[in-house]
Amino acid sequence: MKPNPIWTLVGLLWFVAALNYLDRQLMYSIFPLLQADLKLSNMELGLLSTSFLWVYALCSPLSGFLADRLGRVPVIVGSLLVWSAVTWATGHAGSTSELLLARALMGISEAAYLPAALALINDYHGEKTRSLASGLHQSGIYFGAMIGGAVGGWLGQRYGWRFAFNVLGVLGMIYAGVLWLALPHLRSEPGRALGPPLNLLKSVGHLFRLPGYPIMLAVFGLTSAAGWVIYTWLPLYIYETFHTSLTGAAVSATLYFQVASFGGVLIGGTVADHWSRTNGNARVLTQAAGLVLSAPFLFLSGSTSSLAVLVVGMVVLGLGRGFYDCNIMPLLCRVASPEIRATGYGVFNFVGTMVGGVTALAAGALKHAFGLGVSLQMAAVGWLIAGLLLLGLTRARRARSVERPAVRGPI
């Protein structure tokens, strides 16, 4: 049976998403090794996350705008090439300043990928499959984070922390060539812009006038703040609180959460796609349910003395996160026309990562005084507020749809 090209597209981009987030979680899972090798303080560990996030944030709106104006595929492939070079350079960093510089440069490369990839997928998938397609792509992010966390600690203990970065840099360069050759039709397109040319400021201004967009942006910021506390500090929290091995801490912090998130995007994506045929608020209601119902379990994870209870909390939290993530771009597509969708997601990333950078740094700075468990509890409060804002969005108004037919033709 001939493969369906719109699902082949999701599969090709899945591997890029996995590589991007494998690198991110790998860094967090080897914090103790970095601290011992380069003599880093807790504040400097926080800066490794923050330097990446702030550069990522600053570059995200522009990279989304370029994907809207110049075409999705050139931006995607270019980002992977830069990612590969910087990943390899990370493995050769010889000082704290070199490592911080590498993480900052990584922010540039990864900022270009996600807005372009999600916009491209949603160009080719219509209302019937949009949430599931976005969710399957999102599962690549979960897989990368899971492998980066679970395998990163083991590789670090066995081969040293530099080994994985060197290997990933080479693999990324090879796959960039594969991706460029696999998408010849899309590669030749001048871009996805369908309307009159807009500059970046006008595009952003237009986004803020869309019904519901400011609320979507606030929710993205709150969930990102909570997410970066979990990704950055949960492995170390488990390592210190429950006295596990480095590998055990990485597995407990990432494996259960990411596997549950994978299930969440499959369930949430399928439910939202079917439900949206009869209810215009289906996608936002799916998101709200995921956040509101899982927030108490995040709070519990920051206060329990039982590792088993924490694992249960991470499973439920992962399911809720999956329900939210698979509907971010599909919900944006309900109000934003195709020529500004990547820009819209880029602005999401700008706000989310700026807030996430501050939160990750603050959690590190306050670790000695309050402990990381309090940071997890505060993240849970933000998670719950985000869900309630989404419920308010459904009561305030129904999103006006600017849906256009999905792109047809060969991939």
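This is a predicted model: local features need pLDDT of at least 70, side-chain atom pairs count only at pLDDT 80 or more; totals for chains, interfaces and linings use all residues.
Colleague: Why is the pair Arg-130 and Glu-127 called a salt bridge?

Modeller: The closest N and O atoms of Arg-130 and Glu-127 are 3.6 Å apart. The criterion asks for a side-chain nitrogen of Lys or Arg within 4 Å of a carboxyl oxygen of Asp or Glu, so the pair qualifies. A search of the whole structure finds seven salt bridges.

Colleague: What makes Arg-130 count as buried?

Modeller: Its relative accessibility is 1%, and buried means under 20%, so Arg-130 falls in that class.

Colleague: What does the salt bridge between Glu-127 and Arg-283 tie together?

Modeller: The side chains of Glu-127 and Arg-283 meet at 3.3 Å, N to O. Glu-127 lies in the loop between α5 (96–124) and α6 (130–159), whereas Arg-283 belongs to helix α12 (residues 282–301), so the pair ties together parts that are 156 residues apart in sequence. Arg-283 has 3% relative accessibility and therefore counts as buried.

Colleague: Which parts does the pair Arg-334 and Glu-127 tie together?

Modeller: Their side chains form a salt bridge of 3.6 Å, N to O. Arg-334 lies in the loop between α14 (328–333) and α15 (341–365) and Glu-127 in the loop between α5 and α6, so the parts joined are 207 residues apart in sequence. Arg-334, at 15% relative accessibility, is also under the 20% limit and therefore counts as buried.

Colleague: Which residues are linked in a network of salt bridges?

Modeller: Glu-127, Arg-130, Asp-273, Arg-283 and Arg-334 are linked in this way.

Colleague: Which residues have the most contacts inside the largest nonpolar core?

Modeller: They are Leu-34, Leu-234 and Phe-348, in a core of 108 residues. Helix α10 (residues 213–241) supplies the largest share of this core, 15 residues. Leaving aside residues up to four places away in sequence, Leu-34 touches Met-27, Lys-39, Leu-40, Leu-48, Leu-99 and Trp-161.

Colleague: Which residues of α3 and α4 meet?

Modeller: Ser-63, Leu-66, Ala-67, Asp-68 and Leu-70 of α3 meet Arg-72, Pro-74 and Val-75 of α4. By class, this contact has five nonpolar, one polar and two charged residues.

Definitions and conventions. Residues are numbered from 1 along each chain as its sequence is written. Side-chain values use heavy atoms; hydrogens and water are left out. Buried means under 20% relative accessible area, exposed over 50%, partly exposed in between (1.4 Å probe, protein chains only). Helices (H or I, at least four residues) and strands (E, at least two) are DSSP runs, numbered from the N terminus. A nonpolar core is a set of buried Ala, Val, Leu, Ile, Met, Phe, Trp, Tyr and Cys residues joined through side-chain atoms within 4.5 Å. Contact means heavy atoms within 4.5 Å. Ala, Val, Leu, Ile, Met, Phe, Trp, Tyr, Cys and Pro count as nonpolar, Asp, Glu, Lys and Arg as charged, and the others, Gly among them, as polar.
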